[in-house]
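Dear colleague,

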Amino acid sequence: MGGGGERSIGALVPTVKSEPENAGETSAPAAVTVELQEQIPVPEKEEEVDKDMLCPICMQIIKDAFLTACGHSFCYMCIVTHLHNKSDCPCCSHYLTTNHLYPNFLLNKLLMKRSARQMAKSATPVEQLRQAIQQDSHLILRQGCDVSIKELESLLSLLMEKKRKMEQEEAETNLQILLEFLQCLRKQKVEELYEIQNDLKYIKEDINAVEKRRIELYRARSRYSAKMRMLVDDSSAMTVRPSLGDKESGAIVSSSVGSQEQVRVGTTQTRNTDAGAPGISQLVQWKDDHGGSDSQHPNQPGQAIARKKRVHAQFNELQTCYLQKRRYWARQPEKQKERVANVMNREGYSAGLEDFQSVLSTFTRYSRLRVVAELRHSDLFHSANIVSSIEFDRDDELFATAGVSRRIKVFEFASVVNEPADAQCPVVEMSTRSKLSCLSWNKCTKNQLASSDYEGIVTVWDVTTRQSVMEYEEHEKRAWSVDFCCTEPSLLVSGSDDCKVKVWCTKQEASVLTIDMKANICSVKYNPGSSVHVAVGSADHHIHYYDLRNVSQPLHIFSGHRKAVSYVKFLSNNELASASTDSTLCLWDVRENVPLHTFKGHANEKNFVGLTVNSEYLACGSETNEVFVYHKAISKPAAWHKFGSDDQNDPDEDMGSYFISAVCWKRDSPTILTANSQGTIKVLVLAA
């Protein structure tokens, strides 16, 4: 979904501005102030400061008290500063100069005692003890009293005993903390060791299963080779020319006998092969190390090397994937028994290994996107060419495009791929009143298409007649998304900036159901296996999964994105993919209500850049004008392609300002349709 009037500035994904809590409570600050005031301790009466101890100028406790000739006391710095400006007493206005100031020794002594009492009350017991000893020592010296050494030693021994006891308690505490840490660490490492031991057991079992399967394949290949040699020899014997005479006939007989001997030898070798499994394993390993029979196929070694490089490049991701699948199936023996019965009989593989082999083979099969065809979505009457949506029809024979040019264009896929780019014209073109945001083909009814636009209108089109069948105008703001139900062809759902999700029926003129939400709706999608389950991507950063039979609250709310959710798409009945302007894709299990994977690599912070999925892969656009493809089990991109400028000599072309705006997989195919904000449409295919 794109948008906007400029050539490369698309419609921005809606965002929600969070309001401060209790914003409407205007009395909150006052209440907080009152509460804080209540918490401030009120000094007791005996601790109240005597007003005579306050400086009349700074209204603080007097520091370095000086007395004036008129009998008032001030802080020395306060009264001196005052007398620099005026020559009177601040209290009685009596004439006063610095010559009339005298130290107030009595007040200073009282203030020092008061300060000492306050410090004693706030001091720690150790400080109080130190102060008491210091005061006692001063008192002893002044009064001439003597303290015996024995009394001091008794006091010191008491303090040393207290010190040793405290040191022992501190050491015990430290040892207790250390012991708890080590016990926790041991528990964690034992659990890790147990997990590693289980993983090693799984790996050993899977290695044995794979080796066994390779030996079986090698034996089958050996038997096949022996049969082929026999057939070739028999064919040669039957096609010998009759004009060669008896000598040649004898040669034929000899050749036939030799052929039979070769067949017997080959059969004997095969039996020996069956009897000696370890030797065959070593032979298979030798063939792998030295090229083996792959030397007969010059392209195969290069492909195998490239696939091995992809494995090493994503080894950590693949390792995580393998262990997750293996552990998952190990924890669910009942499901494994039901699912694995035929698999174990066929190949001896566990369910986890079978799943991982599927991931490994599909992930390493492709490494790049190759351009198959390209065309321009240009319009003579509109300078803005942003393609907001691109979708294949029910049979993957046609695809439709829509965008800010206010036109729906339908192309024949085969002609786009097979004919020159300059000869491409849409087979159907339909005009609309407003810019378009989304398209959805009916999955059951041929040539029926739905669109949503910037005025909030949802329209159902008959592509054959090029006329609108139904127009729904209940949305109050821009409608971002529309989707036909896969199981019930008359139902469709839409989402809008008016924070409403509406369900429509093509047999009725009004909506049949409305879901009121608290944030803008960016995307809606029916579950492909249900007519009552709908996923909603919202600007509140969440995916809301609804059962339409009870819309009072969603079945699940998937949280994990940090910004608005711009797209939601189903890979299967249980797997849901989402895209967000936090530059991530997420995969969720809607049955178990758990996140599965997070995909990173593309850039998406403000625009609708498209999202499309099939059973194994996710693809999306990027604000770097690139298309990214992810395998659903690996979080890093499996392949990507960057759009280039059509006119490299045009100095005004700034490719950095363009972005991918729409993508769509061709069903059960490695082919993907892509379009960008410049109006360029490319047909890409995954390649090795």
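D589 stands opposite V594 in β24, and this pair belongs to the contact between strand β23 (residues 584-589) and β24, which run antiparallel and are joined by six bridges. Please keep in mind that the model is predicted.

These two strands are part of an open sheet of four strands, whose order is β21-β22-β23-β24 and whose pairing is antiparallel. At its edges stand β21 (565-570) and β24 (594-600), each of which has a single partner strand, so one side of each is left without a neighbour in the sheet. If direction is ignored, neighbouring strands of this sheet are turned by 20° against each other on average.

Strand β29 (residues 660-665) pairs with β30 in the antiparallel sense over five bridges, and I672 in β30 is the bridge partner of W665. The hairpin of β29 and β30 has five residues between the strands, and in this hairpin D668 takes a positive phi near 55°.

β30 is also joined by five bridges to strand β31 (residues 680-687), again in an antiparallel arrangement, with T674 standing opposite K682 in β31. The hairpin that β30 and β31 form has three residues between them, and G679 in the turn has a positive phi of about 95°.

Is β30 buried or exposed? Six of its six residues are buried, so β30 is largely enclosed by the rest of the structure.

With best wishes

Methods: Residues numbered from 1 in each chain as written. Predicted model: local features only at pLDDT ≥ 70, side-chain atom pairs only at ≥ 80, totals over all residues. Heavy atoms only, no water. Buried < 20%, exposed > 50% of the residue type's maximum accessible area, 1.4 Å probe, protein only. Pairing = 2+ DSSP bridges. Axes fitted to C-alpha atoms, helices over the stretch in contact; angles between N-to-C directions.
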